Amino acid sequence: MKILYTGMVNLHRGRGDAIHFTHLAYALQARGHQLAVVARGPRDFGRQRGIEFYPTPDIKLPKAGTLFNDLSTLAILARLLHTQKFDVLYHRSVPMANRLAHRATIPVITEVNGIQIDEFQAAGMRNLGIRLYRCREQQIVTNADTIVCVTEGIRDRLRDIYAVSEDQCTVIANATDTTMFSPQPQQICQEKVGLSTANYNVGFVGAFQPWIDFDHLFKATQTLRAQKVPIYLALVGDGPKFAHVKQQAQHYALEKHVHFVGRVPHSEIPDWIGAFDVCVAPSGEPYVQQIGKSSMKLYEYMACARPVVATALPGIAETIAASQCGFVYRVGDTNALQQHLHTLYKDDDLRMLMGKRGRDYVIKHHSWESVAGRTEKLMLHLLSDRKHSRH
């Protein structure tokens, strides 16, 4: 197939959306498909893999940037659809792209990784701004042949807000690069990143967002320290709540027992995960509890064969239960969190067993190759339906 693949992502930044976008493109290309990619990013993107890349301008206007980015992306899509023949359009968050695909008489798949208006409302946006983004988001999903949602909660929320039909949506969870994220000798990783082998190293990797519940993690750490457990937290990442979380650590007198690593290159994250004894994924916001999570960081933890202790959110709880790679606890249950961390501290064999289970599960269910395979099936199904409808 020849796939026109586009998204409102910035490949210069290397954040989660760019990682998802990039790896799915590479995996589809590896399955023998021809890709033309439209996004913000370096001009040599995908060149070694034979991917045609059409970069959009990186416009940074404070208030009108979204509109100009939308328009520049649509202009390139319109030109490509007019001058080339594609079998399918696959896009992430490009409003009006569905109309362009239908004019070109090709099927279109829309990928949705979150509900924008919910996120903006949680961040304090009100009134006109919310109405404008609601209209934009409506155009992202309207008339899509198939909508790929990363969680069932997002699918249900789209149905409630935008009246999309349930059979229009398909849930395909996130994934990870199981070659890049793989088990490494822990002592070597600890030497690389500077963590002491004498500590019980518990790690977090991700963005410091409002829904990440560091407060109860710090409370559990404080209790474990009082019980003479040499727990040491390494927090990798940055984000809007970074300064606030540092203040929380000071509030609990944990400055000497929490290392704020900051943001590191994606290529270095396997070393950090490999240095941890246990990985944590704490969340607490009601919105995340509603839509669930399909966390790439969870799959990265698992791919590196590290046991996980996580909040029992939809999506995460089912993954950990199915893989038996760790423990979950209810939102805000500090005692359960503390007990799970203590159990894993006491049992080296259990940590190794859970880590192996997680690795095996991710290889089977959450590699980019498996996601590309399911995406390919969707595309072939749409093409088959369209072919039959013409006869």
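Asparagine 199 counts as partly exposed because its relative accessibility is 24%; partly exposed lies between buried (under 20% relative accessible area) and exposed (over 50%), with a 1.4 Å probe and protein chains only. The model is predicted, so local features need pLDDT of at least 70 and side-chain atom pairs count only at pLDDT 80 or more, whereas totals for chains, interfaces and linings use all residues. Residues are numbered from 1 along each chain as its sequence is written, and side-chain values use heavy atoms, with hydrogens and water left out.

Asparagine 199 is located in the loop between helix H7 (186–193) and strand E8. Helices (H or I, at least four residues) and strands (E, at least two) are DSSP runs, numbered from the N terminus. Apart from neighbours within four places in sequence, asparagine 199 contacts Pro230, Tyr232 and Asp277, contact being heavy atoms within 4.5 Å. Proline 230 is 31 residues away from asparagine 199 in sequence, yet their C-alpha atoms are 5.3 Å apart.

The open sheet has six strands in the order E10-E9-E8-E11-E12-E13, with parallel pairing; two strands pair if DSSP finds at least two bridges between them. Its edges are strand E10 (258–262) and strand E13 (326–329), each pairing on one side only. From one strand to the next, the twist averages 20 degrees. Axes are lines fitted to C-alpha atoms, for helices over the stretch in contact, and angles run from 0 to 180 degrees between N-to-C directions.

Strands E8 (residues 200–205) and E9 (residues 231–236) run parallel and are joined by six bridges. Asparagine 201 has tyrosine 232 of E9 as its bridge partner. Six of the six residues of E9 are buried. In a regular strand the side chains alternate between the two faces of the sheet. The table gives the two directions in E9.

| Direction from E9 | Residues | Burial |
|---|---|---|
| One way | Ile231, Leu233, Leu235 | buried |
| The other way | Tyr232, Ala234, Val236 | buried |

Helix H9 (residues 242–251) lies across E9 and E10, at about 170 degrees to E10.

Elsewhere, helix H6 (residues 152–162) has Gly153, Ile154, Arg155, Leu158, Ile161 and Tyr162 as its buried residues. Just after H6, alanine 163 adopts a positive phi of about 60 degrees.

Phenylalanine 68 belongs to helix H2 (residues 65–83) and counts as partly exposed because its relative accessibility is 41%.
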